[in-house]
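Here is a short tour of one protein model, written for someone who likes to think at the level of side chains. Have a look at the structure first, and then we can walk through it together.

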Amino acid sequence: KEKDIDFVIVHKIDRLARNLEDHVAIKAILTKAGTALVSVVENIEDSASGKLVEGIHAIVAEFYSANLAAEVTKGMNEKAKEGGWPSKAPLGYKNIRQEIVGAKRGIAKVAVDPETATYVKEVFNLYVTGNYSLEDIRDFLYDKGVSNRRGGNGRMAQSSVNKMLMNPFYTGVINYKGIEYPGQHKPLITRELFDKVQQMIRARDTAGERTR
């Protein structure tokens with residue numbers, strides 16, 4: 001605002017922005033303020049050819065960013081198809097690394113968490129009776145020492161409890177982007193129990209929840 005900044009120094013052009021549109025917008029603001037953009041690694045001259053080189057660097061940065069995102073998505077899709085879970089394990093399970101000869105970090109897998117798996121099984125059995133609301137389930141888990149997994153010691157959000165009850169992962173399958181794949185993990189509940197819980201959830205969505 002004061003227009004008293006002479007230079008903005010970045011390590012590389014791709015540290016300034018991840019796409020060409022943002023780069024152009026930022027560069028326009030700097031130019032209007034009379035501020036020069038300096039890259040430590042790339043030699044950018046204040047000339048027509050220098051602006052061309054700078055634009056090329058910005059385009060390459062956008063390409064690498066988009067390509068990296070595509071490769072990450074591809075890797076997660078492949079992991080799901082192979083029965084692996086591509087993110088943080090849900091309640092009742094834990095992320096582990098299985099040591100493999102020749103592999104530096106081992107293979108990421110999901111294993112049953114003996115501390116919480118029993119509570120998850122009980123949650124499904126309680127809810128299917130129709131005598132427990134989402135709030136009751138949340139209080140049950142809190143009494144067992146299961147709190148908000150996003151941080152803090154408070155109770156889980158009812159939406160998190162609902163999400164857990166609707167997660168087919170507990171039946172031994174991977175649901176990734178609407179497609180189910182056989183999982184490599186051990187199921188905690190039967191598909192029959194899971195389907196009954198889904199019927200109960202749909203019924204309550206229509207009639208509203210009741211407390212016991």
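Read along the sequence, the elements come in the order β-α-β-α-β-β-α-α-α-β-β-α, giving 6 helices and 6 strands. Both kinds of element are DSSP runs numbered from the N terminus, with at least four residues for helices (H or I) and at least two for strands (E).

This is a predicted model, in which local features need pLDDT of at least 70, side-chain atom pairs count only at pLDDT 80 or more, and totals for chains, interfaces and linings use all residues. Residues are numbered from 1 along each chain as its sequence is written, and side-chain values use heavy atoms, leaving out hydrogens and water. The pLDDT, which is the predictor's confidence in each residue from 0 to 100, averages 83 for the protein. Among the elements, H2 has the lowest mean (74) and helix H3 (residues 117-127) the highest (94).

Of the 212 residues, 33% count as buried; buried means under 20% relative accessible area, exposed over 50%, and partly exposed in between (1.4 Å probe, protein chains only). In helix H4 (residues 134-143), the buried residues include Leu134, Ile137 and Phe140. The buried residues of H4 pack against H3 and helix H5 (158-165).

Now for the charges. A salt bridge is a side-chain nitrogen of Lys or Arg within 4 Å of a carboxyl oxygen of Asp or Glu, and by this rule there are 7 of them. Three are listed here.

| Salt bridge | N to O distance |
|---|---|
| Arginine 15 and aspartate 14 | 3.3 Å |
| Glutamate 54 and lysine 27 | 2.8 Å |
| Lysine 196 and glutamate 192 | 3.7 Å |

Glutamate 54 lies in helix H2 and lysine 27 in helix H1 (residues 20-32), so this pair ties together parts that are 27 residues apart in sequence. Glutamate 54 is buried, at 5% relative accessible area, while lysine 27 is partly exposed at 21%. Lysine 196 and glutamate 192 sit 4 residues apart in helix H6 (residues 191-207), separated by about one helical turn.

Which buried glutamate has no salt bridge? That is glutamate 42, and the nearest side chain of opposite charge, lysine 12, is 5.0 Å away. Glutamate 42 lies in the loop between strand E2 (36-39) and helix H2 (48-81). The side chain of glutamate 42 reaches the backbone nitrogen of isoleucine 13 at 3.2 Å.

Methods
Lys and Arg count as positive and Asp and Glu as negative; His and the chain ends are not counted. A polar contact is a pair of N or O atoms within 3.5 Å; within protein, one must be able to donate a hydrogen and the other to accept it, and residues adjacent in sequence count only if both atoms are side-chain atoms. Contact means heavy atoms within 4.5 Å.
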